[in-house]
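Biologist: I want to learn how to read packing and ligand contacts in a model. Can you walk me through one?
Modeller: Gladly. Here it is.

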Amino acid sequence: MLVHSPGRNFVTLRITTDDGITGLGDATLNGRELSVASYLRDHLAPLLIGRDAHKIEDTWQYLYRGAYWRRGPVTMTAIAAVDVALWDIKAKVANMPLYQLLGGASRVGCLAYGHASGRDNQEIFDSIRHHQELGYKAIRVQSSIPGLNSVYGVATAANSATGTGSAKGATSTRYDYEPARRSAFPVEEEWDTRAYLRHIPGVFEAVRNEFGPELPLLHDAHHRLTPIQAAKLGKALEPYDLFWLEDVTPAENTDAFRLIRQHTTTPLAVGEIFNSIYDYKNLFEEQLIDYVRSPVSHGGGITPLKKIFDYAAVYQIKSGVHGPTDVSPVGHAASLHLSMAIHNYGISEYMRHSPETLEVFNPSYTFENGLIRPSSEPGIGVTYDDVIASQYEYESAYLPVNRLKLDGSLHDW
Ligand code: KDG
Ligand code: MG
């Protein structure tokens with residue numbers, strides 16, 4: 001178990017076979033890292049000793065069904081780490097990049113979106129241009145809201161990214177909310193939904209006027225709206241032709257999507273906090289969403305996520321993998337190999353990691369001309385440098401919490 005903080009906290013599982021082959025899995029659960037580390041160290045690792053590393057499906061079922069306590073972010077992140085490490089090992093033994101074992105490449109590379117944000121429209125335009133210079137062909141846009149001091153997902157200082165083609169060595173676009181402002185307690189932010197709903201459509205109107213109709217634009221509402229507010233926002237954004245609107249309502253109430261869907265044709269994405277195929281079942285079967293946000297690392301691993309994507313394909317629903325910097329390069333690489341292979345790929349979020357993170361993980365994937373591509377290295381193509389990692393000790397860090405500006409009551413994240 002590797003628990004370090006190169007730029008931000010990561011938990012990484014390394015499995016070594018009797019033959020000395022190693023596989024890596026991402027076990028990072030932002031703000032709750034040590035719970036997964038304990039689950040792995042205290043409960044799963046002892047069960048893996050002596051098991052055949054090639055029996056991936058059987059091991060997944062053994063850990064999932066055997067626990068009795070199924071699902072949940074901690075359990076599924078831990079199982080995902082084991083699953084990915086075993087796939088990494090299998091692909092290394094086969095001497096192939098992992099996507100070859102998953103069916104081979106269905107595309108030359110995976111379309112990725114970057115994060116633009118700003119305190120006003122001019123800053124947003126600059127941030128979009130900057131991301132276009134970095135090679136992004138699709139861009140998420142987040143904005144400050146007049147009257148609110150800070151809004152999650154919006155950088156409050158000018159970005160300093162300079163990276164080019166290679167993911168390694170690229171200077172990351174830094175957000176000052178990352179890594180969630182380290183402190184023993186979460187930072188408290190304020191929120192006003194009516195102000196947000198009044199402001200956001202105008203931002204997208206301005207962005208469309210500035211950049212034209214072609215550029216795919218995305219937006220994340222971070223679970224903050226009621227169903228009827230979400231419906232209103234989706235409708236208001238229709239003239240600006242979004243690629244997707246993400247996480248409009250608290251994700252656990254999937255029934256909300258019925259109401260939202262009745263009112264808007266803006267495509268909807270959800271699932272970054274889901275961890276099971278059962279979270280998606282009704283959303284798929286009633287065709288209530290358009291994109292699946294689960295990353296490999298929180299979706300239980302490659303083994304179940306491949307099944308989720310195949311299930312989604314029946315309903316013409318596509319992948320839209322979560323890829324913030326709290327998914328480690330191991331997690332990104334695992335999602336990338338799966339993304340290369342499936343037919344119903346949509347898009348991936350690709351936030352660049354900090355130089356410290358890249359130095360420790362050495363990912364071999366590259367980003368160029370809007371696409372992330374895995375290398376031809378056997379396995380998932382990530383190596384972990386223990387020596388450099390040991391310089392970065394774990395430090396507790398939390399995501400912010402959100403209180404209503406009006407009366408200070410806690411609001412949905
Ligand atoms: O750990 C939580 C973050 O990864 C999340 O807030 C980022 O919403 C997010 C996104 O779409 O990347
Ligand atoms: Mg999100």
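**Ligand first, then helices**

Modeller: Begin with ligand 1. It is surrounded by 14 residues, and the closest are Asn30, Glu246, Glu272, Asp326 and Glu349. Keep in mind that this is a predicted model.

Biologist: Which side chains have a polar atom 3.0 Å from an oxygen atom of ligand 1?

Modeller: Look for N or O pairs within 3.5 Å. Asp220 has a side-chain N or O atom 3.0 Å from an oxygen atom of ligand 1. Arg293 also places a polar side-chain atom 3.0 Å from a ligand 1 oxygen. For His322, the distance from a polar side-chain atom to an oxygen atom of ligand 1 is 3.3 Å.

Biologist: Now the helices. What describes two packed helices?

Modeller: The angle between their axes and the distance between the axes. Take helix α2 (residues 56-66) and helix α3 (residues 73-94): their axes come within 10 Å and cross at roughly 165 degrees. Angles over 145 degrees count as roughly antiparallel, so α2 is roughly antiparallel to α3. The crossing of α2 past α3 is right-handed.

Biologist: Which residues in α2 and α3 meet?

Modeller: From α2, Ile56, Thr59, Trp60, Leu63 and Tyr64. From α3, Met76, Ile79, Val82, Asp83, Leu86, Trp87 and Lys90. The residues of this α2 contact with α3 divide into nine nonpolar, one polar and two charged.

Biologist: At what angle do α2 and helix α10 pack?

Modeller: About 95 degrees, with the axes of α2 and α10 (residues 302-314) 9 Å apart. The range for roughly perpendicular is 65 to 115 degrees, so α2 and α10 are roughly perpendicular to each other. On the α2 side, the contact is made by Ile56, Glu57, Trp60 and Gln61. On the α10 side, Thr303, Pro304 and Lys307 take part. By class, the contact of α2 with α10 has three nonpolar, two polar and two charged residues.

Biologist: And α6 with α7: are they roughly parallel or roughly antiparallel?

Modeller: Read the angle again. Helix α6 (residues 193-211) and helix α7 (residues 227-237) pack at about 15 degrees, their axes 9 Å apart. Angles under 35 degrees count as roughly parallel, so α6 and α7 are roughly parallel to each other. α6 passes α7 in a right-handed crossing.

Biologist: Which residues make that contact between α6 and α7?

Modeller: α6 brings Thr193, Tyr196, Leu197, Ile200, Pro201 and Phe204. α7 brings Gln229, Leu233, Ala236 and Leu237. The contact of α6 with α7 has eight nonpolar, two polar and no charged residues.

Note on methods
Residues are numbered from 1 along each chain as its sequence is written. Chains are lettered from A and ligands numbered from 1 in the order in which they are written. This is a predicted model: local features need pLDDT of at least 70, side-chain atom pairs count only at pLDDT 80 or more; totals for chains, interfaces and linings use all residues. Side-chain values use heavy atoms; hydrogens and water are left out. Axes are lines fitted to C-alpha atoms, for helices over the stretch in contact, and angles run from 0 to 180 degrees between N-to-C directions. Helices (H or I, at least four residues) and strands (E, at least two) are DSSP runs, numbered from the N terminus. A crossing is left-handed if the near helix is turned anticlockwise from the far one by less than a right angle, and right-handed if clockwise. Contact means heavy atoms within 4.5 Å. Ala, Val, Leu, Ile, Met, Phe, Trp, Tyr, Cys and Pro count as nonpolar, Asp, Glu, Lys and Arg as charged, and the others, Gly among them, as polar. A residue is near a molecule or strand if one of its heavy atoms lies within 4 Å of it. A polar contact is a pair of N or O atoms within 3.5 Å; within protein, one must be able to donate a hydrogen and the other to accept it, and residues adjacent in sequence count only if both atoms are side-chain atoms.
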